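Biologist: Could you walk me through this model, one question at a time?

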Amino acid sequence: MSLKPDGYPASTLTFSLSGTAVRIELPVDMPPSTLSAFERQIARQREQDAGGLWTGFSRALREAVIRVLDDDLKEPSDVQLREAARLARAHGLDLPHDAMCYRGALRQFVASLKSADTA
């Protein structure tokens, strides 16, 4: 039996993920007991959720994706967006699209406005 570096037997679940501009196969190593439990959970889900919504699994996967994003690629908070919009209005500017989507772009935009204030 082959063991993974963290000591459990080799067992892999591969997720196929695709979006507008990405398509990847993501192998996830896990203990065989976890893989078996996950397979049983999928079977239960199929019985309980004929519509295929998979709400709990979708929510958990979305939260996991957000957790692994670099901080600059995460969405800005409402507080950050309000402050940036206030600064943009004070300068007669619109908030750039990237600044509304990504914390890093928002920080750069706000920094440029603040540096313009001190110049």
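Biologist: Which residue just after α3 takes a positive phi?

Modeller: A word on the source first: this is a predicted model, where local features need pLDDT of at least 70, side-chain atom pairs count only at pLDDT 80 or more, and totals for chains, interfaces and linings use all residues. Residues are numbered from 1 along each chain as its sequence is written, and side-chain values use heavy atoms, with hydrogens and water left out. Helices (H or I, at least four residues) and strands (E, at least two) are DSSP runs, numbered from the N terminus. With a phi of about 70 degrees just after α3, the residue is Gly92.

Biologist: Which residues of α3 are buried?

Modeller: Buried means under 20% relative accessible area and exposed over 50%, with partly exposed in between (1.4 Å probe, protein chains only). On the other side of α3, the exposed residues include Arg82 and Arg89. The buried ones are Ala84, Leu87 and Ala88.

Biologist: What do the buried residues of α3 pack against?

Modeller: Contact here means heavy atoms within 4.5 Å. For the buried residues of α3, the partner is α5 (103-118).

Biologist: And what do the buried residues of α1 pack against?

Modeller: In α1, the buried residues are Leu35, Ile42 and Gln45. They fall within an arc of 75 degrees seen down the axis of α1, so they line one face of the helix. The element they pack against is β1.

How values were computed
The arc is that of the directions from the helix axis to the C-beta atoms.
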